[in-house]
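Please look over the sequence and the structure shown here before reading on.

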Amino acid sequence: MASYYGAMERDKVLAALNWESRRTAALLGVLNRAVGARLGLNPTDIDILGLLSVTGTITPKRLSEISGLGTGTVTLVIDRLEKAGFVQRVPGPKDRRSILIELLPGRQGEAAGLYAQVQQAGEQLLAEYDDRDLTLISEYLRRSNDMLRDTTAELLKSTPPSTGRQPSGAGPG
């Protein structure tokens, strides 16, 4: 398959990949905020809902760790998502004092419906590639996501969790 980038030099292809990755991240952020708005969720809520769709059932503490949000902030987000019918708190299987957060199927279909147009368009784009190309694209995305997860985890180790508030001494005055 001929490619737009086929005749480009490697450094230009790498620069183009970097740029398109940045565009993807930015455009997915805008899409997620639009979907969140349609569902009555704020950007933090839709971010956490996205994390839950990837992680599955998880403890609030672990959700705090991987999101970079403080435990109090995660509790507030879970409260909102629970009230909106997206998640529920369930007792831990080994220790009923522990709590797990799990997605509820009801409103997940509503959210999936809002992403359906993108899903269908993506499938049409992928139909243009052969199996070897699809394997390569899938491997690149998997490795990129693993790198992003690991890099984020390292950054979060040295950064205090976000509370949504300004640090003391910050701001006017």
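The model is a predicted one. The protein has six helices and two strands in its secondary structure. Of its 173 residues, 17% are buried.

**Overall layout**

- Counted from the N terminus, the order of the elements is α-α-α-α-β-β-α-α.

**The largest nonpolar core**

- In soluble globular proteins, nonpolar side chains tend to be buried together.
- The largest nonpolar core of this protein holds 18 residues, and within it Leu-52 and Leu-81 touch the most other members.
- Two or more residues of this core come from each of α1, α2 (43–55) and α4 (71–83).
- With residues up to four places away in sequence left out, Leu-52 touches Ile-58, Leu-63, Leu-81, Val-87, Ile-101 and Leu-103.

**Packing of α2 with α4**

- Two packed helices are described by the angle between their axes and the distance between the axes.
- For α2 and α4, the axes cross at roughly 85 degrees and come within 10 Å.
- The two helices α2 and α4 are therefore roughly perpendicular to each other, since angles of 65 to 115 degrees fall in that class.
- On the α2 side the contact involves Thr-44, Asp-45, Ile-48, Leu-49 and Leu-52, and on the α4 side Val-77, Arg-80 and Leu-81.
- Sorted by class, the residues in the contact of α2 with α4 are five nonpolar, one polar and two charged.

**Packing of α2 with α3**

- Helix α3 (residues 60–67) packs with α2 at an angle of about 110 degrees, and their axes are 11 Å apart.
- This angle makes α2 roughly perpendicular to α3.
- The crossing of α2 and α3 is right-handed.
- Ile-48, Leu-51, Leu-52 and Thr-55 of α2 make this contact with Leu-63, Ile-66 and Ser-67 of α3.
- The contact of α2 with α3 includes five nonpolar residues and two polar ones, with no charged residues.

**Packing of α1 with α5**

- Helix α1 (residues 10–39) and helix α5 (residues 105–126) have axes 11 Å apart and pack at an angle of about 140 degrees.
- The helices α1 and α5 are therefore oblique to each other, as only angles over 145 degrees count as roughly antiparallel.
- Helices α1 and α5 form a right-handed crossing.
- From α1, the residues Leu-31, Asn-32, Val-35, Arg-38 and Leu-39 meet Arg-107, Glu-110, Ala-111, Leu-114, Tyr-115 and Val-118 of α5.
- In the contact of α1 with α5, seven residues are nonpolar, one is polar and three are charged.

**Two individual residues**

- Asp-45 lies in helix α2.
- With a relative accessible area of 2%, Asp-45 is buried, because buried means under 20%.
- Apart from neighbours within four places in sequence, Asp-45 contacts Val-77, Arg-80 and Leu-81.
- Ala-34 belongs to helix α1.
- Ala-34 counts as partly exposed, with a relative accessibility of 43%.
- Between Ala-34 and Leu-114 there are 80 residues of separation in sequence, while their C-alpha atoms are 9.4 Å apart in space.

Terms used. Residues are numbered from 1 along each chain as its sequence is written. This is a predicted model: local features need pLDDT of at least 70, side-chain atom pairs count only at pLDDT 80 or more; totals for chains, interfaces and linings use all residues. Side-chain values use heavy atoms; hydrogens and water are left out. Axes are lines fitted to C-alpha atoms, for helices over the stretch in contact, and angles run from 0 to 180 degrees between N-to-C directions. Helices (H or I, at least four residues) and strands (E, at least two) are DSSP runs, numbered from the N terminus. Angles under 35 degrees count as roughly parallel, over 145 as roughly antiparallel, 65 to 115 as roughly perpendicular and the rest as oblique. A crossing is left-handed if the near helix is turned anticlockwise from the far one by less than a right angle, and right-handed if clockwise. Contact means heavy atoms within 4.5 Å. Ala, Val, Leu, Ile, Met, Phe, Trp, Tyr, Cys and Pro count as nonpolar, Asp, Glu, Lys and Arg as charged, and the others, Gly among them, as polar. A nonpolar core is a set of buried Ala, Val, Leu, Ile, Met, Phe, Trp, Tyr and Cys residues joined through side-chain atoms within 4.5 Å. Buried means under 20% relative accessible area, exposed over 50%, partly exposed in between (1.4 Å probe, protein chains only).
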